Amino acid sequence: MILPRLAPSRLHTLTRTEHQGSTRGCSDDPASGECVAPWDDVEELSAAASHARDRMKENDPLETYCKDNPETDECKTYDN
C-alpha cells in the first residue's frame, strides 16, 4: 500500500475503516491467507498515522508561519 502524506486524523479514519473491514472479513479464520493482506494494510496505516503525529509535534508553528511570511517582523533575522 502506498500512502500519500495525509493528516493524522484522515489516517486514523482510514485505519479504523480498514480495521473494521479486516475484522468482519476474517472472523471465521483470522490466521487464513486471506486475512494477512488486510491486517498488513491496517498495520501500515497505523504506522503512517503515528509518523504523521510525530512530524506534527516536530513542527514549530512560528517556523511554519515564517516559511509562508518571511517578510514579517516576527521572521526577520539580523546579523550582528
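Q: A disulfide is a pair of cysteine sulfur atoms within 2.5 Å, so what makes cysteine 66 and cysteine 75 a disulfide?
A: In this predicted model, the sulfur atoms of cysteine 66 and cysteine 75 sit 1.9 Å apart. That falls within the 2.5 Å limit, so the pair gets the name. The count by this rule is 1 disulfide.

Q: What ground rules sit behind these values?
A: This being a predicted model, local features need pLDDT of at least 70 and side-chain atom pairs count only at pLDDT 80 or more, while totals for chains, interfaces and linings use all residues. Residues are numbered from 1 along each chain as its sequence is written, and side-chain values use heavy atoms, with hydrogens and water left out.

Q: Which hand does the link of cysteine 66 and cysteine 75 have?
A: It's left-handed, with -85° about the S-S bond. Both cysteine 66 and cysteine 75 are buried, too.

Q: Why is aspartate 73 with lysine 76 called a salt bridge?
A: The rule wants a side-chain nitrogen of Lys or Arg within 4 Å of a carboxyl oxygen of Asp or Glu. For aspartate 73 and lysine 76 the closest N and O atoms are 3.5 Å apart, so the pair passes. The tally by that rule is 1 salt bridge.

Q: Is aspartate 73 buried or exposed, and how do you know?
A: Buried means under 20% relative accessible area, exposed over 50%, and partly exposed in between (1.4 Å probe, protein chains only). Aspartate 73 comes in at 61%, so exposed it is.

Q: What makes threonine 72 count as it does for burial?
A: Threonine 72 has 16% relative accessibility, so it counts as buried. You'll find threonine 72 in the segment after helix 3 (61-68). A polar atom of the threonine 72 side chain lies 3.0 Å from the backbone oxygen of asparagine 69.

Q: How do you know which class serine 46 belongs to?
A: Serine 46 has a relative accessibility of 37%, so partly exposed is the label. Serine 46 belongs to helix 2 (residues 33-58).

Q: How many helices and strands does the protein have?
A: There are 3 helices and 0 strands, reading α-α-α along the sequence. Here helices (H or I, at least four residues) and strands (E, at least two) are DSSP runs, numbered from the N terminus.

Q: How much of the protein is buried?
A: Of its 80 residues, 19% count as buried.

Q: Which element has the lowest mean pLDDT, and which the highest?
A: Helix 1 (residues 8-25) has the lowest at 70, and helix 3 the highest at 86. pLDDT is the predictor's confidence in each residue, from 0 to 100. The protein averages 75, with 69% of the residues scoring at least 70. Where pLDDT is low, the predicted coordinates should not be read in detail.

Notes
A polar contact is a pair of N or O atoms within 3.5 Å; within protein, one must be able to donate a hydrogen and the other to accept it, and residues adjacent in sequence count only if both atoms are side-chain atoms.
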